[in-house]
Amino acid sequence: MLLTEMDAAPDGSPVGLYTRVPELGEGEVVASVLPAPARVLELGCGAGRITRQLVRLGYRVTAVDESPEMLAHVRDAETIQARIEGLDLGRRFDAVLLASNLITAEPEQRRAFLETCRRHADLVVVEGLPLAWSPENGGERTLGDVVSRLRVDRIEDGVVHGEMEYEAGGETWRQSFAMRVFADDVELDDTLAEAGLRLERRLDARWFVAVPSA
């Protein structure tokens with residue numbers, strides 16, 4: 001079965017696929033920065049893969065996603081259906097979580113994402129691509145019962161354009177993407193500065209912590 005509009009969130013993310021992707025220890029990454037029970041605002045929570053981990057670890061989670069189909073899979077957390085851009089809940093959290101490579105979005109949207117983070121907390125935990133990531137065309141990866149294949153169309157000005165194909169349980173999903181790859185921490189820090197943030201420290205190749213630049 002190929003992805004149709006009914007299977008996809010507004011940004012094109014396949015809902016059925018996101019319910020199948022296994023946990024990858026993201027909750028422990030957050031726990032290494034901020035102990036439970038803290039209040040965490042999770043932006044772009046999808047089907048709740050990370051939400052479940054945070055709740056299990058004792059965090060109080062507010063999970064935001066623009067897709068009601070995604071949010072229908074989230075349990076034991078406050079859920080808010082909304083776009084990340086311009087979101088203002090009128091309250092502060094101990095941390096904001098911006099995972100799933102959302103920081104690789106195009107510049108205007110990325111800046112709006114980061115401004116929402118800055119508006120809600122002084123501690124932001126972010127997942128992104130490894131610095132200077134060089135994709136391998138046709139590369140295959142297996143996560144649980146999900147097999148993914150990467151096709152790269154072109155790389156322009158540090159942006160990788162291509163398509164991901166996923167297979168699981170006899171179903172197939174395809175999703176186009178355009179992801180910004182940061183060359184180094186200096187370039188990343190310049191991007192964070194646009195939203196009044198700065199890179200505080202790296203947690204590993206993909207995860208880092210940002211704090212207010214002032």
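## Reading exposure in this model

A residue is called buried when its relative accessible area is under 20%, exposed when it is over 50%, and partly exposed in between. Arg20 has 28% relative accessibility, so this residue counts as partly exposed. Please keep in mind as you look around that this is a predicted model.

Asp76 gives a contrasting case: with a relative accessible area of 70%, this residue is exposed. You will find Asp76 in the loop between helix H4 (68-71) and strand E3 (78-81). Gly58 is 18 residues away from Asp76 along the chain, and 11 Å separates their C-alpha atoms.

## Strand E1 and its parallel partners

Let's begin with strand E1, which covers residues 39-43. Four of its five residues are buried, so E1 is largely enclosed by the rest of the structure. Strand E2 (residues 60-65) runs parallel to E1, and five bridges join the two. Within this pairing, Glu42 sits opposite Ala63 of E2. To get from E1 to E2 the chain passes through helix H3 (residues 49-57), making a right-handed β-α-β crossover.

E1 also pairs with strand E4 (residues 95-98), again in parallel, through four bridges. Glu42 turns up here too, with Leu97 as its bridge partner in E4.

Why is strand E11 described as largely enclosed by the rest of the structure? Six of the six residues in this strand, which spans residues 207-212, are buried, and that is the reason for the description.

Two antiparallel pairings involve E11. Strand E5 (residues 124-127) pairs with E11 over four bridges, and Val126 stands opposite Phe208 of E11. Strand E10 (residues 197-202) pairs with E11 over five bridges, with Leu197 and Pro212 as bridge partners. E10 and E11 together make a hairpin, with four residues between them.

## Helix H5

Helix H5 takes in residues 107-120, which makes 14 residues. From first C-alpha to last, H5 reaches 20 Å, close to the 20 Å expected at 1.5 Å a residue. At the start of the helix, a side-chain oxygen of Glu106 comes to within 3.1 Å of the backbone nitrogen of Glu108.

Which residues of H5 are buried? They are Arg110, Ala112, Phe113, Leu114, Thr116, Cys117 and His120.

## Salt bridges across the chain

Side chains of opposite charge can pair when their charged atoms come close. Counting a Lys or Arg side-chain nitrogen within 4 Å of an Asp or Glu carboxyl oxygen, the model has 23 salt bridges.

One of them brings us back to Arg20, whose side chain meets that of Asp145 at 3.5 Å, N to O. This pair links distant parts of the chain, 125 residues apart: Asp145 is in the loop between strand E6 (140-143) and strand E7 (146-156), while Arg20 is in the loop between helix H1 (15-18) and helix H2 (26-31). Asp145 has a relative accessible area of 44%, so this residue is partly exposed.

Glu127 and Arg206 form a salt bridge at 3.6 Å, N to O. Glu127 lies in strand E5 and Arg206 in the loop between E10 and E11, so the bridge ties together parts 79 residues apart in sequence.

## A network of charges

Glu167 and Arg149 form another salt bridge, their closest N and O atoms being 3.2 Å apart. Glu167 lies in strand E8 (residues 159-168) and Arg149 in strand E7, so this pair connects parts that are 18 residues apart in sequence. Glu167 counts as partly exposed at 32% relative accessibility, and Arg149 is partly exposed with a relative accessible area of 27%. Through salt bridges that share partners, Glu140, Arg149, Glu165, Glu167 and Arg174 are joined into one network.

Terms used
Residues are numbered from 1 along each chain as its sequence is written. This is a predicted model: local features need pLDDT of at least 70, side-chain atom pairs count only at pLDDT 80 or more; totals for chains, interfaces and linings use all residues. Side-chain values use heavy atoms; hydrogens and water are left out. Buried means under 20% relative accessible area, exposed over 50%, partly exposed in between (1.4 Å probe, protein chains only). Two strands pair if DSSP finds at least two bridges between them. A crossover is right-handed if, with the strands pointing away from the viewer, the path from the first strand over the helix to the second runs clockwise. The expected span of a helix is 1.5 Å times one less than its number of residues. A polar contact is a pair of N or O atoms within 3.5 Å; within protein, one must be able to donate a hydrogen and the other to accept it, and residues adjacent in sequence count only if both atoms are side-chain atoms.
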